[in-house]
Amino acid sequence: MRKYSWFLIALLVFALSAALVAQDKPTIKNVPPSKTSAASGSEMYRAYCAVCHGVDGKGNGPAVPALKNSPGDMTLLSKNNGGKFPELKVYNSIRGDVGVTAHGSKDMPIWGDVFRDMGRGDSAQTSLRIRNLTKHIESMQK
Ligand code: HEC
C-alpha cells in the first residue's frame, strides 16, 4: 500500500512537470522570408522587422515574448545619440557583421545573409535593401 502511494506521488510530479514544460514560453517558427521590393524600406520593414520591432518601431511586436533580449525602442536612436541618427551603426546592425551579433545576441536574424540569399548573391541589391531599411528607420525617429 505504501509503495503504491509513492508511485502515485511520482506519477503526479511527472505529470506536473510535463504540464509546465508544455506551457513554456512561445517559440519562433522560422519560415522562408517573403519576397519584397528592395526599393521600399517600409514594405521590407513591415514584412521582416515589425514582428519584433513593432510596426511603429517601439519594440512591441508580437514575437517579443519569445525573445531573450528586448529589441528596444528604435524611434529613440537619434535622441539617444545626441540628436544625430547613427546611420552607420544601424546599417551594420541590420547587415549583422558588427554590433548586434558581435555582442553575442542571436535574437536578431543576420539580414545581410538573408538578403544575399534572396538576391542570389547580388551584393548591390543586398546593400540597397539595407540602405532603404536604414532610411526607413531614420524616418521613424522622434
Ligand atoms: C526575431 C526578432 C527580430 C527581428 C525579426 C528583427 N529584429 Fe532587429 N533586433 C532584435 C533584437 C532583440 C535587437 C536588440 C539587439 C539584440 O539582442 O540582438 C535588435 C536590434 C536591432 C537594431 C539595433 C538597434 C540599436 O539599438 O542599435 C537595428 C537597427 C535593428 N534591430 C533593425 C532591424 C531591421 C531593419 C529588421 C528587419 C529587416 C529587424 N531588426 C528584424 C530583434 C529582431
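**Entry 1: terms and model.** A helix here is a DSSP run of H or I with at least four residues, and helices are numbered from the N terminus. I note that the model is predicted. Under this definition I found His53 in helix 2.

**Entry 2: His53.** Is His53 buried or exposed? I looked up its relative accessible area, which is 11%. Buried means under 20%, so His53 is buried. I then listed the contacts of His53, leaving out residues up to four places away in sequence: Tyr45, Lys58, Gly59, Asn60, Gly61, Pro71, Met74 and Met108.

**Entry 3: Tyr45.** I turned next to Tyr45, one of the residues that His53 touches. With residues up to four places away again not counted, the contacts of Tyr45 include His53, Met74, Leu133, His136 and Met140.

**Entry 4: the core.** Which members of the largest nonpolar core touch the most other members? I recorded Tyr45, Tyr48, Ile94, Phe115, Leu133 and Ile137, out of 17 residues. At least two core residues come from each of helix 2 (41-53), helix 3 (87-95), helix 4 (111-118) and helix 5 (123-139). Helix 2 contributes the most, namely five residues.

**Entry 5: helix 4 and helix 5.** I examined how these two helices pack. Their axes lie 9 Å apart at an angle of about 130°. Helix 4 and helix 5 are therefore oblique to each other, and their crossing is right-handed. From helix 4, I noted Gly112, Phe115, Arg116 and Met118 in the contact; helix 5 supplies Thr126, Arg129, Ile130 and Leu133. Sorted by class, this contact has four nonpolar, two polar and two charged residues.

Methods:
Residues are numbered from 1 along each chain as its sequence is written. This is a predicted model: local features need pLDDT of at least 70, side-chain atom pairs count only at pLDDT 80 or more; totals for chains, interfaces and linings use all residues. Side-chain values use heavy atoms; hydrogens and water are left out. A nonpolar core is a set of buried Ala, Val, Leu, Ile, Met, Phe, Trp, Tyr and Cys residues joined through side-chain atoms within 4.5 Å. Buried means under 20% relative accessible area, exposed over 50%, partly exposed in between (1.4 Å probe, protein chains only). Contact means heavy atoms within 4.5 Å. Axes are lines fitted to C-alpha atoms, for helices over the stretch in contact, and angles run from 0 to 180 degrees between N-to-C directions. Angles under 35 degrees count as roughly parallel, over 145 as roughly antiparallel, 65 to 115 as roughly perpendicular and the rest as oblique. A crossing is left-handed if the near helix is turned anticlockwise from the far one by less than a right angle, and right-handed if clockwise. Ala, Val, Leu, Ile, Met, Phe, Trp, Tyr, Cys and Pro count as nonpolar, Asp, Glu, Lys and Arg as charged, and the others, Gly among them, as polar.
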